[in-house]
Amino acid sequence: MQKAFTHNQAAAKDIKLLVLDIDGTIAGHSNTISKPVKQAIIAAQARGIQVAIATGRMYCSALRFHQDISSTLPLMAYQGAWIQDPITQKIHRHWVVSREIAHQLLDYFEQPELRSLLSVHFYINDQLYVRELTRETKIYAERSGIIAIPVGDLRQALTNEPTKILALSDDIDVIDKLLGNLRRQYTPAELYMTTSVATFFEATNASVNKGTAVRYLAEELLGLQLANVMAIGDNFNDVEMLEYVGLGVAMGNAPAGVQSIAKWVAPSVEEDGAAVAIEKFLL
């Protein structure tokens, strides 16, 4: 069901920044950006609209997408916990999870009833550390184009504080329950928790979400206002970003809760919905 959006003429002429999520938004099963989506992005850039990426992915994993769309802006990775300019290599932001909370989460994940159900990922200095290479981790690493480093006891990796912690399970109910339980244990002021895919529980520093990342990029780096920003996303980790921007678009493959907060709902990722949204509002 596509929502009516009446102010598209007014909104369109104000948009100076387009922010895109990767997985489920500009990249579907193929794990690449389709030709129609790429052409729409290039056409928007030709109109003087700057395009940026905001993703839950690792910086090193998101880089090829950033390069694929010829973005000249800093890349917002790990839900915005790590913001780096690939051209100058300058790191604008790197917010981490405290070692204390990382240890607590690990204790929680390693409870006997949970341990065998979860693959736990610690992201430290843009590298992925895991207890062991599970089937889920291997699939994830292959899709991300990264090498997972098995360390046995993850406590050994905590010499540095993690940028992000992810627990992965094939069972969506396990992740739902995990999110619910941990939201009762930690306030939003202590930890930011979300799901980027129904099978991924993700935790970052409390100040981190794509909304705060996009606000930093738009207002502090580019001197724009929220009315000048359009964003497209497909999952719960995109909610803060879609709520912040002047024009938030959800993908047709987004959960109902994400679609309900968007100004407009595009077709699905496999139908090149991002291209449809760019054409509708910006071209």
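Colleague: Which residues lie nearest the centre of the largest pocket?

Modeller: The model is predicted. In it, the lining of the largest pocket is made up of 30 residues, and the space inside comes to about 650 Å³. Those nearest the centre are Asp-23, Tyr-140, Arg-143, Val-197 and Phe-200.

Colleague: Which element gives the most to the lining of the largest pocket?

Modeller: Helix H6 (135–144), strand S9 (164–168) and strand S11 (200–204) each supply at least two residues of that lining. With 6 residues, the one that gives the most is H6.

Colleague: How many residues in the lining of the largest pocket are charged?

Modeller: Sorted by class, the lining has 8 nonpolar and 10 polar residues. The number of charged residues is 12.

Colleague: Is H4 parallel, antiparallel, perpendicular or oblique to H7?

Modeller: Helix H4 (residues 99–109) packs with helix H7 (residues 172–185) at an angle of about 140 degrees, and their axes are 13 Å apart. Roughly antiparallel would need an angle over 145, and roughly perpendicular covers 65 to 115. The angle of about 140 degrees therefore makes H4, relative to H7, oblique.

Colleague: How many charged residues are in the contact of H4 with H7?

Modeller: H4 contributes Leu-105, Tyr-108 and Phe-109, while H7 contributes Leu-178, Asn-181, Leu-182 and Gln-185. By class, this contact of H4 with H7 has 5 nonpolar and 2 polar residues. As for charged residues, there are none.

Methods
Residues are numbered from 1 along each chain as its sequence is written. This is a predicted model: local features need pLDDT of at least 70, side-chain atom pairs count only at pLDDT 80 or more; totals for chains, interfaces and linings use all residues. Side-chain values use heavy atoms; hydrogens and water are left out. Axes are lines fitted to C-alpha atoms, for helices over the stretch in contact, and angles run from 0 to 180 degrees between N-to-C directions. Helices (H or I, at least four residues) and strands (E, at least two) are DSSP runs, numbered from the N terminus. Angles under 35 degrees count as roughly parallel, over 145 as roughly antiparallel, 65 to 115 as roughly perpendicular and the rest as oblique. Contact means heavy atoms within 4.5 Å. Ala, Val, Leu, Ile, Met, Phe, Trp, Tyr, Cys and Pro count as nonpolar, Asp, Glu, Lys and Arg as charged, and the others, Gly among them, as polar. On a 1 Å grid over the protein atoms alone, a cavity is a set of points where a 1.4 Å probe fits but cannot get out, and a pocket is an open set with protein on both sides within 12 Å along at least five of seven lines; lining residues have an atom within 4 Å of a point. Grid points are joined across faces, edges and corners, and a volume is the space filled by probe spheres set on the points.
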